[in-house]
Amino acid sequence: MFRHYQLVIFRDHHGAYRKLRFRGWLFALMLLALAALVAGDVYLVKYYYNYKRMERELAEWEARGQDQNAQLVSLSDKVKALETDLARIRGFDAKLRRMVNLDQEPRDVSPEGEVKDFDKKYLPLYRQEMLGRKLHQFLGELRDQTALELARQQELATLVETAGVRLTALPTSWPVAGWIAAPFGERVSPFTGKKEFHKGMDIAAPVGTEVKAPGEGTVAFAGETDDGGFTVVIDHQGGLSASFGHMRDVLVTKGQAVAKGQIIGHVGDSGQASGPHLHYETRLYGVPVNPMRYILE
């Protein structure tokens, strides 16, 4: 095999030729090189197809991961909505209890068992499993809290019925559509420039805006006061009354029964007023209390 070999190459039809002489080991080396090239090509082709397969599998896993991530984010948004609703129910319950004097101190209405990382719109794959466990845990806590709030609501309904309080008689809605120009409590008087206690709240609104009864009751006063303003006072029973001052006109009479939402007059600037607004007061056994204590709507 390692002898000398000759390769004869004829150049044309006249018999011209050329001889190439090489040793046998060189011929064997060429064969080995050719075999190596073929083996390399086979390996590269196999590697290429494996790469394409892995690329397809990676794309499938990424698509699956993105779908799972979207589902988790959607679920977390729903849980946040439930959490908000539960906080609103708790707040309503606490406020209603204070309104009917069944709870002297407001309860903590902040939600418990809050799950973090809800605001992130993309979660790495390694965090999705952790978030899933947190969501399941939170849903269990939410279910327990909802059952507890339901029991509290039933307890409240029983206490309200026992106390003889009619919720429809409470001034739970806004008497006029506007904005609060002066809240209940300490303020600087716009007339004297000195500090004074504001016994109600001033709701600014254009002249002629409808004033509605925030709850059902009986008109205790309707007419002009000493300062020249038109005022309506409604007795809501249980020692609770509401008054509406600086109105342009009065559409009810003393002793008349009014329903919640009934129009009792219109916004004006009668009497001692710095501009068109409704002066709204609520009194419990003659003592001024913050009207916001009763407003639920």
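Author: D249 is partly exposed, because its relative accessible area is 22%; here buried means under 20% relative accessible area, exposed means over 50%, and partly exposed lies in between, with a 1.4 Å probe and protein chains only. The structure is a predicted model, in which local features need pLDDT of at least 70 and side-chain atom pairs count only at pLDDT 80 or more, while totals for chains, interfaces and linings use all residues. Residues are numbered from 1 along each chain as its sequence is written, and side-chain values use heavy atoms, with hydrogens and water left out.

D249 forms a salt bridge with R248, and the closest N and O atoms of this pair are 3.6 Å apart. The term salt bridge denotes a side-chain nitrogen of Lys or Arg within 4 Å of a carboxyl oxygen of Asp or Glu. R248 is likewise classed as partly exposed, because its relative accessible area is 43%.

The side chain of D249 also makes a polar contact with the side chain of H266, at 3.0 Å. A polar contact is a pair of N or O atoms within 3.5 Å; within protein, one must be able to donate a hydrogen and the other to accept it, and residues adjacent in sequence count only if both atoms are side-chain atoms.

H266 itself lies in strand β12, which covers residues 263–267. Strands (E, at least two residues) and helices (H or I, at least four) are DSSP runs, numbered from the N terminus. H266 counts as buried because its relative accessibility is 14%. Leaving aside residues up to four places away in sequence, H266 touches G208, T209, E210, V211, M247, R248, D249 and L251, where contact means heavy atoms within 4.5 Å. Both partners of the R248 and D249 salt bridge are therefore among the residues that H266 touches. The C-alpha atoms of H266 and P206 are separated by 9.5 Å, although these residues are 60 apart along the chain.

In one of them, the side chains of E281 and R283 meet at 3.1 Å, N to O. E281 is buried, with a relative accessible area of 10%, whereas R283 is partly exposed at 25%. Salt bridges that share partners also join R187, E196 and D202 into one network. R187 is partly exposed, with a relative accessible area of 21%, and E196 is partly exposed at 29%.
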